[in-house]
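Dear colleague,

I am handing over the structure below, and I would be glad if you read it alongside the notes that follow.

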Amino acid sequence: MDFLNNLEGIVTKNGDMVTFIAEDLESKLKQTSPTMPNRPLGRFVLDANLLNDLEFEARNIAASVDTLSESLSGVLHSMSALTVDCLEIYRDVVCKTCDSIDANIKSMYQLMAKCEEVSREMEPIYKLAQQVKDIKHILDLFENAVN
């Protein structure tokens with residue numbers, strides 16, 4: 001990577017991938033190739049090694065793109081699976097919450113009915129309490145009369 005910094009161009013690194021963008025690539029190719037005279041690009045003699053090198057690099061790039069595509073496909077597949085799992089969990093939680101709320105509402109109505117039933121059952125006790133108060137009052141009066 002250090003040798004790229006010594007060249008004229010832009011070096012970027014994203015994870016394990018290093019990208020180098022050369023400045024004025026055409027003139028650099030003309031300078032490095034002895035078989036490329038300073039003539040228009042339409043007329044020049046190509047070195048066989050240059051074509052072999054270009055083909056080798058093109059194959060390396062194609063292999064890198066294939067590897068990157070496979071990796072990206074795997075990552076996207078796992079992201080999709082996680083998304084589906086999250087949505088299924090959310091759906092289940094919402095259903096269970098609704099079921100719990102329904103059960104809670106039913107229990108609340110049962111509790112209210114029981115409270116009303118207890119209230120009706122307590123009516124005779126209120127009458128008895130009043131009778132006990134009356135008896136106590138009479139006993140107090142009787143006790144005062146005796147004393």
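**Salt bridges and overall fold**

Glu55 forms a salt bridge with Arg59, with 2.5 Å between the closest N and O atoms; the term stands for a side-chain nitrogen of Lys or Arg within 4 Å of a carboxyl oxygen of Asp or Glu. This is a predicted model, in which local features need pLDDT of at least 70 and side-chain atom pairs count only at pLDDT 80 or more, while totals for chains, interfaces and linings use all residues. Residues are numbered from 1 along each chain as its sequence is written, and side-chain values use heavy atoms, with hydrogens and water left out.

Glu55 and Arg59 lie four residues apart in helix H3 (residues 48-146), so about one helical turn separates them. Glu55 is partly exposed at 38% relative accessibility, whereas Arg59 is exposed at 57% (buried means under 20% relative accessible area, exposed over 50%, and partly exposed in between, with a 1.4 Å probe and protein chains only).

How many salt bridges does a search of the whole structure find? The search finds two, and one of them joins the side chains of Asp92 and Arg91, at 3.1 Å from N to O. Asp92 is partly exposed at 35%, and Arg91 is likewise partly exposed, at 46%.

As for the whole chain, its secondary structure comes to three helices and two strands (DSSP runs, H or I of at least four residues for helices and E of at least two for strands, numbered from the N terminus), which follow the pattern α-β-β-α-α along the sequence. Buried residues make up 2% of its 147 residues.
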